[in-house]
Amino acid sequence: MRIREFQTLWLAHALSMTGSYLLNIAVTALVYQQTSSALTAGVTLALTFLPQIVGGPLLSGLADIYPRRRVIVASDLARGGLIAAIGVPGLPLWAIWGLLFLSILPMVPFTAARAALLAEIVQGDRYIAGSAIINMTSQVGTLFGLAAGGWVISAIGPHTTLMYNGLTFVVAGAVICLGVRARSAPLHDGTASPTLWRVTCDGTRLVFTDPRLRTLGLFAWLAGFYMIPYGLANPLADDMGAGPSTAGLIMAGPSMGAVIGGLVLTRLISPDTRMRLVGPLAVVASAPLLLWTVHPPLWLMVTLLALSGAASSYQFVANAAFVLCAPAKGRGLAFGLVAAGLQAAQGIGIAVGSLLAESNGTHAVITGAGVLGIVGAVSVAVPWARLYPGAVALMHRAERSDSAPDHARDSAQ
């Protein structure tokens, strides 16, 4: 946090994250007010996931073709304008859905560029710590954003909320302009810029042919199993004869655990041990789901989800290790592809889990997800036990290369 550019990147992330949560709540409330239909409100929320799945393989390469600061700022400004447009009164439903889809698309190059730019600002274990701070900020926002967003909408209405929401992205872009120095495009070598198609093909080949990147990507996609209870929160609450407040508590369980687990993992455990623990923690993340076979009461259910969330904080280390292992020139696209895969894994997992719960019951589906999650995690953890020393060596090499200019940079700041 002493590094000024990281402070700026973190503040802009906090603003963008706040805007994203307000968007999800405000646009869903707006659609429900207009249609009084739970189905259209649910479709609206689903639309917030779809653009990242579709755009991940197509737009992440922009973070490797253009200067990453410029990509972040342009993405924030585009999102701000599109979201503010959703707040214009009188728009038909199809226009709201279209603007919503377009407003999420810039998040794809934004996320890829931010992850790659962070690796240029801090290296080695500092990158893992910085990435964990940003991820934990998102988890804390999950806990408080929904409640605050509901209060804001109740106070000023969804249309005005969306207008102010657009402004948060504009402010976030201005913060980046003022606090992060300009850097050249990573793929610029004095020749013609590569095409987006070539960058996409090269990046896809890089992710799936490099054993470390492929394994770390699979670790990320395991969330498709242990996030299924999140998507079944309302049926679980209904099984207990409870309502939305209980469902909200169930949904908050993983985030509460992730905040605690992230703090322990990144502050109390040595960097080398963190890398080694990625595999075992991935197995533990799905293990609490096995206890759904005994139909746990609410307090135990939330505790189990918190334990799962604490173990899933391995994602903080795996995400950071992925960026460290990816070459600088393809880093943005590689990260964007894995991020899109994560969205797809969670969306498919929740959709399939919801479908199966209709005929098999929520508890049986969650128990089954736990079994599949453990099997998948073990199959990925075995090769990681052989590969992680290479990731540790890359982390230490980055730290040594960063140590020389460290004193001069800190003095300047």
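A cavity, as the word is used in these legends, is a set of grid points where a 1.4 Å probe fits but cannot get out. The model shown in every view is predicted.

**View 1. The second largest cavity and its volume.** Rolling a probe the size of a water molecule over the atoms shows where empty space is left.

**View 2. The residues that line the second largest cavity.** The lining is made up of Tyr226, Met227, Pro254, Leu305, Ser308, Gly309 and Ser312. Helix H17, which spans residues 298-311, supplies the largest share of this lining, with 3 residues. Sorted by class, the lining of the second largest cavity comprises 4 nonpolar and 3 polar residues, and no charged residues are found in it.

**View 3. Trp221 in helix H11.** Trp221 belongs to helix H11, which covers residues 211-221. Because its relative accessibility is 24%, Trp221 counts as partly exposed, given that the partly exposed class lies between under 20% for buried and over 50% for exposed.

View 4. Once the neighbours within four places in sequence are set aside, Trp221 is in contact with Phe208, Leu337, Val338, Gly341, Leu342 and Ala345. For one of these residues, Leu342, the C-alpha atom is separated from that of Trp221 by 4.9 Å, although the two residues are 121 residues apart along the chain. With Val338, the side chain of Trp221 reaches the backbone oxygen at 3.0 Å.

Notes. Residues numbered from 1 in each chain as written. Predicted model: local features only at pLDDT ≥ 70, side-chain atom pairs only at ≥ 80, totals over all residues. Heavy atoms only, no water. Helix = DSSP H or I, 4+ residues; strand = E, 2+ residues; numbered from the N terminus. Buried < 20%, exposed > 50% of the residue type's maximum accessible area, 1.4 Å probe, protein only. Contact = heavy atoms within 4.5 Å. Polar contact = N/O pair within 3.5 Å; in protein donor to acceptor, adjacent residues only side chain to side chain. 1 Å grid on protein atoms, 1.4 Å probe; cavity = no way out; pocket = protein on both sides within 12 Å on 5 of 7 lines; lining within 4 Å. Nonpolar A, V, L, I, M, F, W, Y, C, P; charged D, E, K, R; others polar.
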